[in-house]
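Let's take a walk through this one, a stop at a time. Keep the viewer open and follow along.

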Amino acid sequence: MSRPYLKNIDQTIEKPDLKSFDHAVFILHDQLNLDAWPDWVKKEKPLLIFMESGQKGREVPHHKKKAVYVLSSMRHFALECTKKGFDVFYHSTPGHFDDGLKEILTQFEGELTFMTPSEWDSRERLRKVAGEFGDRVDEIPNSFFLADPEVWKEKIEPGYRMEYFYREMRRKTGYLMNGDEPEGGEWNYDEQNRESLPKDHTVPEIKRFEPDEITREVIEMVNDYFPDSFGRSENFGYAVRRNQALELLDQFINERLDQFGPYEDALKTGNHTLFHSQLSIYMNNGLLTPTELCEKAVKSYEKGNARLNSVEGLIRQIIGWREFIRIYYEAMMPEVRDTNHFGFENKLPKMYWTGETKMKCMEQSLKPVINEAYSHHIQRLMILSNFSNLTETDPRELERWFLTAYADAYEWVELPNVLGMSTFADGGVLASKPYVSSGNYINKMSDYCKSCEYSVTKKTGDKACPFNYLYWNFVDKQRETFNDSGRVNFMVNMFDNKKSDDQKKEIRESTEIFLSSLERG
């Protein structure tokens, strides 16, 4: 008899007799690529164990599309493993996955291997299982990343920046290197990657995939089990199989990589991806590996199909930033979860959950999150996180929302980006300055302000862009942090010496009126 919402799994995978195996491998939902596992796994073909955990889904009520993506891709991967000759034990438990694993280990008498989970809590749970069952449970290092955290994490402290790490990773991998020198003579071409998108500039669409029977079953389950979860499950179109993800990778390399660099920071009404790859969704659960993304991008440059600043920008995001924040996570956990440099205690503005706001930039940044569980990094950093900081919102509230809302959000990557980078909650360990701005930046990089009810040219008052007065109020109130940072201390001097007493008063009054009327919770 089929288990609820597991008909396709139960009809396809014959449940094996656990007592007939002497070795098993437990595979988590973000380790879905046999090529990233040690070679012996493919050679020896041990029993593969997969687990769906109801309690994990309740602890973090993920966006419906993320829940569908995680579960559907894991089910598809399990079925693909059976086609490659593996025996698969696919288990569903209402509790935590470690509870389900303990149930299995009482029946399974052989040895169990698991790979170090990328997320802290999962790691702690599995290590407790290992402690309970002794020599029968073995942990192997996580091989879905390029850098070993144990080599680097002691360097994580204020002043050690990603750029130092990135150059070492370039030398280690050889990507875009001519011997000991970087291709083109420069390590970083970020200055060339800040163009706004010209009007009527063509942007290729990212291919979407029609849900198959397995994905449709998962969508039905998510809607049934988690009806009140954030976001929408309708129009699901993400890749859920590795061959689909590889197709999206080729499409990005061929159609969007060349223009990714110049328009990396650009924003456009009605388009939440532009020339971004959106492949973080697939890297972060293993359907794609960072190595194959980088190698295909470098080959595209070598063939003359993609400009250097675009390829370098992508390489920097992957082997630089992505690897660096994972090391930061390993060095700072678990204490970093409670960090709150500015001491903000306000609840998250209600608009983050509803998307309802008169601010065009916020509406355009929230709408794709609600609908697709995705928006690109400038919307995340310079609009959503920026607004959270300027409205004195508890950064831990924002961090929880990001973990809930985004399809590519796993704590190891999301928490450092929110608490370390975008909100400066760690006080400057990860970032060298608070990433806040007025409406001028948004107006420069987007077309949002042209159709907004607020005026970006007005600095105070009820018709002014809230980012304008909120920014200067933030500079004034957080002047100690700005003064401590050599990069932005001049902003305090501008406020003190360039703003008149009347302007300062208007900034404070406009901020007070706006914050008092901002719905939260």
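Before we start, one cut-off to keep in mind: a residue is called buried under 20% relative accessible area, exposed over 50%, and partly exposed in between. Also, bear in mind that this is a predicted model.

Start with charge pairs. Side chains of opposite charge can pair when their charged atoms come close. How many salt bridges does a search of the whole structure find? The search comes up with 32 salt bridges. Take Glu191 and Arg194, whose side chains meet in a salt bridge at 3.1 Å, N to O. Arg194 has a relative accessible area of 38%, so it counts as partly exposed. Glu191 sits at 66%, so that residue is exposed.

Now pick out Asp250 and Lys296, whose side chains form a salt bridge at 2.5 Å, N to O. Here the pair ties together distant parts of the chain, with Asp250 in helix H10 (residues 242-255) and Lys296 in helix H13 (residues 290-302), 46 residues apart. Is Asp250 buried or partly exposed? Asp250 has 31% relative accessibility, so it counts as partly exposed. Lys296 is partly exposed too, because its relative accessibility is 31%.

Another salt bridge joins the side chains of Glu519 and Lys350, at 3.9 Å, N to O. Glu330 counts as buried because its relative accessibility is 12%. What is Glu330 in contact with, leaving aside its neighbours within four places in sequence? The partners are Ser118, Arg123, Pro149 and Lys153.

Most residues other than glycine have a negative phi, and most peptide bonds are trans. With that in mind, go to the peptide bond from Met333 to Pro334: it is cis, with omega near 0°. Pro334 lies in the loop between helix H14 (308-332) and helix H15 (351-354).

Then there's Leu274, which is not a glycine but has a positive phi of about 50°. You'll find Leu274 in the loop between helix H11 (257-260) and helix H12 (280-283). Leu274 is buried, because its relative accessible area is 0%. Which loop holds Glu392? Look between helix H17 (377-390) and helix H18 (395-405). Glu392 has a positive phi of about 55°, again without being a glycine. At 16% relative accessibility, Glu392 falls under the 20% cut-off and therefore counts as buried.

What about the cysteines? The disulfide count comes to 0. Cys449 is in no disulfide, and the nearest cysteine sulfur, that of Cys465, is 6.1 Å away. Cys449 has a relative accessible area of 18%, so it is buried. Cys294 counts as buried as well, because its relative accessibility is 0%.

Finish at the second largest pocket, which has a volume of about 960 Å³. Of the 46 residues that line this pocket, the closest to its centre are Ser53, Lys56, Gly57, Arg58 and His62. Several elements each supply at least two lining residues, among them strand S2 (47-53), helix H3 (54-59), strand S3 (88-93), helix H6 (120-133) and helix H9 (213-225). H18 is also one of those contributors. Which element gives the most to the lining? That would be H4, with 6 residues; this helix covers 64-83. Sorted by class, the lining has 20 nonpolar, 11 polar and 15 charged residues.

Key. Residues are numbered from 1 along each chain as its sequence is written. This is a predicted model: local features need pLDDT of at least 70, side-chain atom pairs count only at pLDDT 80 or more; totals for chains, interfaces and linings use all residues. Side-chain values use heavy atoms; hydrogens and water are left out. A disulfide is a pair of cysteine sulfur atoms within 2.5 Å. Buried means under 20% relative accessible area, exposed over 50%, partly exposed in between (1.4 Å probe, protein chains only). Helices (H or I, at least four residues) and strands (E, at least two) are DSSP runs, numbered from the N terminus. On a 1 Å grid over the protein atoms alone, a cavity is a set of points where a 1.4 Å probe fits but cannot get out, and a pocket is an open set with protein on both sides within 12 Å along at least five of seven lines; lining residues have an atom within 4 Å of a point. Grid points are joined across faces, edges and corners, and a volume is the space filled by probe spheres set on the points. Ala, Val, Leu, Ile, Met, Phe, Trp, Tyr, Cys and Pro count as nonpolar, Asp, Glu, Lys and Arg as charged, and the others, Gly among them, as polar. Contact means heavy atoms within 4.5 Å. A salt bridge is a side-chain nitrogen of Lys or Arg within 4 Å of a carboxyl oxygen of Asp or Glu.
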